[in-house]
Amino acid sequence: HSAGAYCVPRAHEALERALLALLQQGLPFQATVSGSSSTMTRIRRRQALLLVIAADVTPITAVHPLVLAAEANSVPFVFVSSKAALGRACGVSLPVSAACLVQSETRDLFGPLEDALAEIDRILI
């Protein structure tokens with residue numbers, strides 16, 4: 001199996017840019033959580049609104065528990081191309097395999113988040 005077969009749904013270029021921007025916008029509001037462990041904790045606590053996973057994680061099966069937890073907790077998820085880009089969006093210099101958006105005090109993220117979720121639904125159809 002190629003890694004690409006596991007990376008569904010995969011964000012197209014415009015959606016990926018929007019998702020990475022959304023994660024970056026969430027940083028000042030503590031709405032962005034990065035790293036597999038922290039992200040898993042937020043999913044299990046039902047605090048995650050959206051899970052973003054890097055498609056270039058090796059082995060890709062390393063992120064499978066995150067996908068299963070997201071599905072079990074009804075958290076929408078999507079793959080983006082690069083853990084380096086995901087890390088930059090999360091404000092860290094290291095690559096990041098997964099990140100999530102969590103609820104925050106700001107309403108600024110609501111519109112862009114709704115747009116991203118609608119686009120993820122659209123690419124699943």
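Colleague: Why is the charged end of arginine 107 said to sit over the ring of phenylalanine 110?

Modeller: The term requires CZ of Arg or NZ of Lys within 6 Å of the ring centre and within 35 degrees of the ring normal. The charged end of arginine 107 lies 5.1 Å from the centre of the phenylalanine 110 ring, and it is listed as sitting over that ring. This is a predicted model, in which local features need pLDDT of at least 70 and side-chain atom pairs count only at pLDDT 80 or more, while totals for chains, interfaces and linings use all residues. Residues are numbered from 1 along each chain as its sequence is written, and side-chain values use heavy atoms, leaving out hydrogens and water.

Colleague: What makes phenylalanine 77 and phenylalanine 79 an aromatic pair that is edge-to-face?

Modeller: Rings of Phe, Tyr and Trp (its six-membered ring) pair if their centres lie within 6.5 Å; planes under 30 degrees apart are stacked, over 60 edge-to-face and the rest tilted. The count comes to 1 aromatic pair. Phenylalanine 77 and phenylalanine 79 are 6.4 Å apart centre to centre, with 85 degrees between the planes, so the pair is edge-to-face.

Colleague: Why does asparagine 73 count as buried?

Modeller: Its relative accessibility is 15%, and buried means under 20% relative accessible area (exposed is over 50%, partly exposed in between; 1.4 Å probe, protein chains only); therefore asparagine 73 counts as buried. Both phenylalanine 77 and phenylalanine 79 are buried as well.

Colleague: Which residues does asparagine 73 touch?

Modeller: Not counting residues up to four places away in sequence, asparagine 73 touches Ile43, Arg44 and Arg46, where contact means heavy atoms within 4.5 Å.
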